[in-house]
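Please read this short report alongside the sequence and the 3D view.

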Amino acid sequence: MANGKSVRPTPMPDLTQPFSAALLAEAITAKRTTMHLRLVDVAKTLSLSRQTLVKIEKGDPRVNFVNVLRVMNYLGLSFRIVTDTQQHQDNELREPDSDWF
């Protein structure tokens, strides 16, 4: 990492919330900052402009999705694709949590 401002880690958002561009952006930012990586360093490593990485971390829908995936891969983040049918089946297989109250 080059000299400059230190990176202040941001907390990971609650990933059990419904998926949104904002949630993904928060998760990317949290992962990057927890790894103490600066925007400029990640952008340079991935041959992206700093502005593109800022847009990704703000959840800008105009960003090329391939670039989002490249950043996620670099940071060690991934998606899990679940269909409505799969989610319903997963919910049926779970044992009820009797200690929820």
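## Surface and overall fold

Accessible areas come from the Shrake-Rupley method with a 1.4 Å probe, and for residues only the protein chains shown count as cover. By this method, the chain has an accessible surface of about 7,800 Å². Carbon and sulfur atoms hold 54% of that surface.

The model is predicted: local features need pLDDT of at least 70, side-chain atom pairs count only at pLDDT 80 or more, and totals for chains, interfaces and linings use all residues. Residues are numbered from 1 along each chain as its sequence is written, and side-chain values use heavy atoms, with hydrogens and water left out.

The chain has five helices and zero strands. Helices (H or I, at least four residues) and strands (E, at least two) are DSSP runs, numbered from the N terminus. Along the sequence the pattern reads α-α-α-α-α.

Of the 101 residues, 30% count as buried. Buried means under 20% relative accessible area, exposed over 50%, and partly exposed in between (1.4 Å probe, protein chains only). Take the contacts (heavy atoms within 4.5 Å) with a separation of 6 or more: 52% of them join residues 24 or more positions apart.

## Helix α4

Helix α4 spans residues 65-75. Its buried residues are Asn67, Val68, Val71, Met72 and Leu75. Seen down the axis of α4, they fall within an arc of 140°, so they line one face of the helix. The arc is that of the directions from the helix axis to the C-beta atoms. These residues pack against α1 (21-34) and α3 (50-58).

Now look at the ends. Asn64 caps the N-terminal end of α4, with a side-chain oxygen 2.9 Å from the backbone nitrogen of Val66. Just after α4, Gly76 takes a positive phi of about 85°.

## The nonpolar core

A nonpolar core is a set of buried Ala, Val, Leu, Ile, Met, Phe, Trp, Tyr and Cys residues joined through side-chain atoms within 4.5 Å. The largest one has 15 residues. Ile28, Leu53, Ile56, Val68 and Val71 touch the most other members. Helices α1, α2 (39-45), α3 and α4 each supply at least two residues. Helix α4 gives the most, with four.

## Glu57 in helix α3

Glu57 sits in helix α3. Is Glu57 buried or exposed? Glu57 is buried, with a relative accessible area of 15%. Its side chain makes a polar contact with the side chain of Thr29 (3.1 Å). A polar contact is a pair of N or O atoms within 3.5 Å; within protein, one must be able to donate a hydrogen and the other to accept it, and residues adjacent in sequence count only if both atoms are side-chain atoms.
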